[in-house]
Amino acid sequence: MKNNKILRIIILILSCSAGNSLFAQTISQGQQQPVINPGHTAWMIVATILVLLMTIPGLAFFYGGLVRQKNILNILMQCFITTAVITVQWIFFGYSLSFSSSHGFLAPFIGGFDWAFLNNIGINDVCPFFISQPIERIPHIVFILFQCMFAVITPALIIGAFAERIKFSGFLVFTILWATFVYDPIAHWLWCPDGWLYKLGAVDFAGGAVVHINAGIAALVTALLIGKRKNFHHVNIPPHNIPFVVLGAAMLWVGWFGFNAGSGLAADGLAANAFLVTHVCASVAAIVWILMDWIFNKKPTVIGIVTAAVAGLAAITPAAGFVNVTGAVIIGFVVSIICFCMVGVVKPLCGYDDTLDAFGVHGIAGIWGVLATGLLATPLVQNYTGLFYGSGALLGKQAIATLATIVYSGIVTFLLFKLVDFLIGIRASAKEESMGLDLTMHKETAYTNVD
Amino acid sequence: MKKIEAIIRKSTFDEVREALHGAEIDFFTYWDVTGIGNEKAGSIFRAKIYETRFIQRRVISFVCRDHLVEIAINAIIKSARTGELGDGKIFISNIEDSVRIRTGEHGPEALFIKE
């Protein structure tokens with residue numbers, strides 16, 4: 001009896017509060033005050049989790065399977081530590097540098113310290129940023145965490161460039177500096193309403209420039225600066241565990257739905273469109289690559305199909321909120337051809353050692369995706385028109401965004417790399433490299449025959 | 001014909017391979033092994049360093065013609081020596097015969113490709 005009574009009281013309170021919040025909502029809608037919408041919030045929390053899934057375990061296993069067995073733990077460790085360190089950096093000052101407003105001539109280039117240590121942000125604050133839902137928004141905190149996952153995965157993508165030969169301490173310092181001086185400003189340019197590229201009108205739905213071009217160019221620069229692996233030329237260095245690569249790539253694909261469909265910051269039609277085009281583009285890219293593998297290399301390969309899926313996903317990222325299915329098919333079709341040529345022809349010709357093709361896949365696919373947004377954006381999705389639908393203006397802005405990202409990321413990555421190399425040294429010694437980084441950096445081995 | 005089996009450190013494998021190829025040993029077999037002896041190796045598990053007696057090494061094995069034996073042994077010693085305990089050992093044994101499956105050649109003939 002007593003229990004029943006308590007239950008009834010709880011139900012009464014719950015129904016009252018539900019009624020109240022509904023009431024509050026209708027009032028605020030009348031006044032056009034933005035409010036927190038539980039549906040959008042629920043989806044964005046899930047999307048945030050999906051983006052974390054991309055870094056650990058997705059990217060970690062994708063890269064981990066591609067290296068030799070003496071280096072897999074080092075890759076897993078780098079992905080894990082990046083997640084931890086960049087999260088802390090993001091909370092301390094990274095988020096503030098990326099998304100808050102600053103004053104004076106620096107305002108279009110980098111944020112201030114208003115939100116450092118998440119100062120001035122309460123648990124019930126409504127997110128100041130929105131894409132398609134100006135009234136029904138998500139909590140500010142969810143937005144911070146969602147963006148945090150992007151800040152985490154971007155430096156993690158670069159790991160592929162210098163895998164198997166980097167000193168752990170050097171890597172750690174480089175990653176923190178890179179996130180602060182390269183990622184945060186570029187995120188500010190494109191995603192903060194104060195940013196100069198945002199004001200120019202360049203668009204990047206889920207991070208084609210901010211994440212993929214940025215990481216891809218940094219990968220190319222670091223791969224060139226750190227030098228080739230020992231034996232790179234006269235020994236073919238094969239991946240040690242292809243099932244891991246497939247596992248990681250599949251997790252990337254799943255996680256990418258959070259990455260792209262979450263970037264509308266709401267659970268609505270725009271998110272549904274991003275969801276659809278992401279899936280279609282990855283599938284088309286996978287099929288095209290397999291056909292090329294079959295024609296030029298005689299057999300369709302597993303490494304080929306997973307690489308293509310990742311390239312397709314990277315290419316659709318900036319376009320997911322602007323193109324429809326037709327656009328997705330074209331982007332997926334072309335990205336496979338470009339990336340196939342890049343990693344199969346151009347890279348061997350140039351002879352640089354971008355170990356896991358962070359530039360050849362992410363960088364190139366990102367550049368194509370950002371430019372393709374200017375070609376294929378359709379007014380049927382959002383109010384942006386690409387070249388193929390009648391207006392060339394967006395393409396020009398996209399080209400400026402691409403160029404600015406390439407130049408800034410290239411130069412600052414170069415400087416930071418040289419700085420870290422000068423201060424603590426960044427390349428592992430020849431002996432450490434030949435013994436494997438698992439043992440020499442972490443004193444652990446992934447596979448052992450000890451019972 | 002002699003069979004040469006050498007247990008070496010994994011870290012010296014690259015140097016040994018280069019040295020053997022320089023000494024006319026064109027192919028050899030290798031595999032990773034774990035040995036248990038008196039030497040101790042450290043391993044870290046959950047915040048604590050443990051001493052284990054499992055020692056990781058690599059075994060290289062090949063059969064060569066008699067006149068190459070000393071050259072090969074010197075090549076291995078030179079490339080695999082660090083001077084510390086645990087550099088490994090080389091074992092040499094006689095081989096009665098060898099047969100190349102493709103041609104049916106017997107003896108030392110089966111061990112190298114005539115130009």
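**A chat about chains A and B**

Me: What does the secondary structure of chain A come to?
Reply: Chain A has 15 helices and two strands, where helices (H or I, at least four residues) and strands (E, at least two) are DSSP runs numbered from the N terminus. This is a predicted model, in which local features need pLDDT of at least 70, side-chain atom pairs count only at pLDDT 80 or more, and totals for chains, interfaces and linings use all residues. Residues are numbered from 1 along each chain as its sequence is written, while chains are lettered from A and ligands numbered from 1 in the order in which they are written.

Me: How much of chain A is buried?
Reply: Buried residues account for 51% of the 451 residues in chain A; a residue is buried if 20 or more other C-beta atoms lie within 10 Å of its own, exposed if 12 or fewer, and partly exposed in between, with C-beta atoms placed from the backbone.

Me: Switching to helix packing, at what angle do α9 and α10 of chain A pack?
Reply: Helix α9(A) (residues 269-297) and helix α10(A) (residues 302-316) pack at about 140°, with their axes 7 Å apart; axes are lines fitted to C-alpha atoms, for helices over the stretch in contact, and angles run from 0 to 180 degrees between N-to-C directions. The two helices are therefore oblique to each other, given that angles under 35 degrees count as roughly parallel, over 145 as roughly antiparallel, 65 to 115 as roughly perpendicular and the rest as oblique.

Me: Which residues meet there?
Reply: Among them are A:Val277, A:Cys281 and A:Trp289 in α9(A), and A:Gly304, A:Ala308 and A:Ile316 in α10(A), where contact is taken as C-beta atoms, placed from the backbone, lying within 7 Å.

Me: OK, chain B now. What is the strand order in its sheet?
Reply: The open sheet of four strands in chain B has the order β2-β3-β1-β4, with antiparallel pairing, and two strands pair if DSSP finds at least two bridges between them. The edge strands are β2 and β4 (89-94) of chain B, each of which pairs on one side only.

Me: How many bridges join β2 to β3?
Reply: There are 13 bridges between β2(B) (residues 29-45) and β3(B), and they include B:Asp32 with B:Arg58 and B:Tyr30 with B:Ile60. The hairpin of these strands has two residues between them, and B:Arg46 takes a positive phi near 50° there.

Me: And β1 with β3?
Reply: Seven bridges join β1(B) (residues 2-8) to β3(B) (residues 48-64), the two running antiparallel, and B:Lys2 stands opposite B:Cys64.

Me: Last one: where does B:Val69 lie, and what does this residue touch?
Reply: B:Val69 lies in helix α2(B) (residues 69-80), and, not counting residues up to four places away in sequence, B:Val69 touches B:Lys2, B:Ile4, B:Cys64 and B:Ile92. With 15 C-beta neighbours inside 10 Å, B:Val69 counts as partly exposed.

Key:
Two residues are in contact if their C-beta atoms, placed from the backbone, lie within 7 Å.
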